[in-house]
Amino acid sequence: LHSYPPCFFTRLVTSMAESSQCSLYFRDGIFRNRVTFKFADINRVTLTQLSEAIQVDMLRYIPNSPSLTPFQISCKDLQCLLKICSQKVEDSLQSSNIYTDDQQVTVSDITREVKFICQGFSNM
């Protein structure tokens, strides 16, 4: 089996950027294999393309308060968005021809793993 195609990460980032819940966070820089978003205005989400996985880190640097969505709910919301965006990418790849090392690969031959890390940090 092949790891996810090179275009998967780019398409996932694009799908997330199109969501009304996310906006690109340019302050940390945008790199070929790492992109940071603001998610729900108070959380920072970083997607990093690793060798055979995509790592998703969600951080909140301010403590929970009654006026904020609880952090664990934000984590669940992000997981839901990731599933939707990943499925959107997989659906678009179903109709695409993907080549690796001059061989055509079908989407069913592709494996992918998403490592999800959700942590809160207080700045107090």
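View 1. A disulfide is a covalent bond between the sulfur atoms of two cysteines. Here, a disulfide is counted when a pair of cysteine sulfur atoms is within 2.5 Å. The count for this predicted model is 0 disulfides. Cys80 is in no disulfide either; its nearest cysteine sulfur, in Cys85, is 9.5 Å away.

View 2. Cys80 is partly exposed, at 43%. (Buried means under 20% relative accessible area, exposed over 50%, partly exposed in between, with a 1.4 Å probe and protein chains only.)

**View 3. Arg60 in strand S4.** Strand S4 covers residues 54-60; strands are DSSP runs of E with at least two residues, numbered from the N terminus. Arg60 is buried yet has no salt bridge (a side-chain nitrogen of Lys or Arg within 4 Å of a carboxyl oxygen of Asp or Glu). The nearest side chain of opposite charge, Asp77, is 8.3 Å away; Lys and Arg count as positive, Asp and Glu as negative, and His and the chain ends are not counted.

**Notes.** Residues are numbered from 1 along each chain as its sequence is written. In this predicted model, local features need pLDDT of at least 70 and side-chain atom pairs pLDDT 80 or more, while totals for chains, interfaces and linings use all residues, and side-chain values use heavy atoms, leaving out hydrogens and water.

Notes:
Helices (H or I, at least four residues) and strands (E, at least two) are DSSP runs, numbered from the N terminus.
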